[in-house]
Amino acid sequence: NRKKKYDAAVDLCNYAIKLDPVAHHANGVRGEALLGLEKVPEAINDLLVSIDRDREDHLSSDILISEIPEKYHGLVALKLESMCQTKKDESIWPGILGNFYHHNKKYTEAISCYEEAFRRNETPFYLIAAALSCRMCCKEDLSLKYLDMAIAMNPSNDEYPVYRIEVLSVF
């Protein structure tokens, strides 16, 4: 019964994509259905297409990528690294790769990705993400450095000092 629902979702998304080839939501939904059908490589491709077509509304695809079964992690990392190389002026790809690594407890790799994302687009978000990964691998000084940089960039954000307190409370 569940397989039939996923198959139906894939069919509907195929039709939507046929009508509108840049229908990023259809790619995201089809990617989710393909995951349900355990067609993981195809799902990864659809999720990446969905992210690539809509930078503002990519969170659900980003989360689904982080949930990919472990045996496909190498494939996900390879595809995301390829996107980082292909689209060198875009910060979103190293940011998503960082999220993938962080979610999978590869904090050192996540930090490197967030640093690259920040080099591409100096937004405090990437500094906070790097600080949280630093926190998870016991790099207190680096975590605090990133948090202080984020606070300096956006002193009116009430959440950043809270992150700083959380980091200090861990160490």
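**View 1. Helix α2 (24–36) is part of what covers the buried residues of α1.** Contact here is heavy atoms within 4.5 Å, and helices are DSSP runs of H or I, at least four residues, numbered from the N terminus. This is a predicted model, where local features need pLDDT of at least 70, side-chain atom pairs count only at pLDDT 80 or more, and totals for chains, interfaces and linings use all residues. Residues are numbered from 1 along each chain as its sequence is written, and side-chain values use heavy atoms, with hydrogens and water left out.

View 2. Val10, Cys13 and Ile17 are buried, meaning under 20% relative accessible area, with exposed over 50% and partly exposed in between (1.4 Å probe, protein chains only).

**View 3. Ile65, Leu80, Trp93 and Phe100 have the most contacts inside the largest nonpolar core, which has 45 residues.** Such a core is a set of buried Ala, Val, Leu, Ile, Met, Phe, Trp, Tyr and Cys residues joined through side-chain atoms within 4.5 Å. Leaving aside neighbours within four places in sequence, Phe100 is in contact with Ile65, Ser66, His73, Val76, Ala77 and Leu80.

**View 4. Ser143 sits in helix α9 (residues 140–153).** Ser143 is buried, at a relative accessible area of 0%. Not counting residues up to four places away in sequence, Ser143 touches Ala131, Cys134, Arg135 and Val167.

Notes: Helix = DSSP H or I, 4+ residues; strand = E, 2+ residues; numbered from the N terminus.
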